[in-house]
Amino acid sequence: MKKFFNLCFEFEFYLKIAISCTIFQEIFYWLLHNIELNFLIQVLLYWLVSSVSFYSIGLFIEKVIKKNDTLKEKLTARVKKVKKQPFPCFTAKNIIIGEIRSFTAALIILYLVPEVNRGNSLLLNLGWFLMRIVAADFCFYVFHWLLHRKFLQKIHLKHHEFADSSSFVAGHKSLTEYIITTIADIWLIFIFGYDITQLCAWAIIGNAYNLEGHSSLSIFFISSDFHDLHHTCFKGNYGIQGFWDRVFNTLNPPTKKLGIMFPVASLKYTMKSSSDLD
Ligand SMILES: [Zn+2]
Ligand SMILES: [Zn+2]
């Protein structure tokens with residue numbers, strides 16, 4: 001019974017991602033479906049949506065939410081305390097390198113992948129995004145697990161310079177790791193093609209859960225200190241969320257917070273506090 005609820009809990013994350021992506025896809029579809037977008041405009045749009053959402057969500061978490069003591073205390077997910085350390089700083093050089101990376105990635109992805117038009121069917125989009133997040137999580141799990149093996153660790157150490165974490169640690173990684181994690185994120189569209197409205201929606205939500213996952217807060221998508229523990233302990237919790245870690249038995253049990261959108265987390269919480277189920 002407990003195992004079942006734990007899996008539901010992981011699935012809650014997938015559902016939140018799929019529903020949020022579907023909503024954003026509808027918005028992009030509504031804005032763009034009457035406009036002819038050539039290749040270069042699509043590249044620019046995809047790059048701009050990715051970059052603007054990355055900085056604006058990250059700054060919102062760090063400069064608005066964390067500056068409000070009540071909110072910060074209420075939303076903190078981190079349980080295991082770590083020594084404070086300075087976080088990645090914004091230098092013009094870092095920002096320019098980051099933008100060159102993401103523009104080049106957008107250019108290569110859209111050049112190599114065939115374009116498809118999936119329309120705005122809610123059910124079809126929901127199914128697509130659900131499949132994408134489960135597949136992306138699986139692929140990320142496998143690559144991330146490999147990056148923690150001795151012979152590949154060097155590639156991943158830059159991301160682990162921070163035992164504590166803040167939103168922008170999400171983007172703090174070596175070029176090789178950037179390429180590997182981008183492939184893990186997008187490989188499914190190489191098989192099924194890309195729809196620009198889906199791609200933009202995925203970029204925004206991807207940035208949102210990635211930044212939140214590194215912020216030590218539990219705002220909407222992230223319901224535990226799952227990734228905080230990964231940064232603190234340097235082992236276990238290799239997935240985006242705990243589903244594949246449960247499957248492959250590499251879970252470093254996270255401390256769960258009450259869910260915001262669905263009741264599964266609340267159910268789990270109630271059951272845990274009555275502690276009579278195992
Ligand atoms: Zn790692
Ligand atoms: Zn991380």
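This briefing describes the metal sites and the aromatic contacts of the structure above. The model is predicted, so local features need pLDDT of at least 70 and side-chain atom pairs count only at pLDDT 80 or more, while totals for chains, interfaces and linings use all residues. Residues are numbered from 1 along each chain as its sequence is written, chains are lettered from A and ligands numbered from 1 in the order in which they are written, and side-chain values use heavy atoms, with hydrogens and water left out.

**Zinc ion (ligand 1)**

- H144, H148, H156, H160 and H230 coordinate the zinc ion (ligand 1), each through NE2, at 2.0 to 2.1 Å; donors are N, O and S atoms within 2.8 Å of the metal (3.2 Å for Na, K and Ca), and sites may look incomplete because water is not among the atoms.
- Along the sequence, these donor residues follow the spacing H-x3-H-x7-H-x3-H-x69-H.
- Because H144 lies in helix 5 (residues 122-147) and H230 in helix 9 (residues 226-233), the pair ties together parts that are 86 residues apart in sequence; helices here are DSSP runs of H or I with at least four residues, numbered from the N terminus.
- H144 and H230 are both buried, a term that means under 20% relative accessible area, with a 1.4 Å probe and protein chains only.

**Zinc ion (ligand 2)**

- The zinc ion (ligand 2), which lies 6.0 Å from the zinc ion (ligand 1), is coordinated by NE2 of H159, H214, H227 and H231 at 2.0 to 2.1 Å.
- Its four donor atoms subtend angles of 93 to 159°, which makes the arrangement irregular; four donors count as tetrahedral if all angles lie between 85 and 135 degrees, four count as square planar and six as octahedral if opposite donors are over 155 degrees apart and all others between 65 and 115, and anything else is irregular.

**Aromatic rings**

- The structure holds 18 aromatic pairs, where rings of Phe, Tyr and Trp (its six-membered ring) pair if their centres lie within 6.5 Å, and planes under 30 degrees apart count as stacked, over 60 as edge-to-face and the rest as tilted.
- The pair of F13 and Y14 is tilted, because the ring centres are 6.1 Å apart and the planes stand at 50°, and both residues are buried.
- F243 and W244, also both buried, form an edge-to-face pair with 5.0 Å from centre to centre and 85° between the planes.

Terms used:
Buried means under 20% relative accessible area, exposed over 50%, partly exposed in between (1.4 Å probe, protein chains only). Helices (H or I, at least four residues) and strands (E, at least two) are DSSP runs, numbered from the N terminus.
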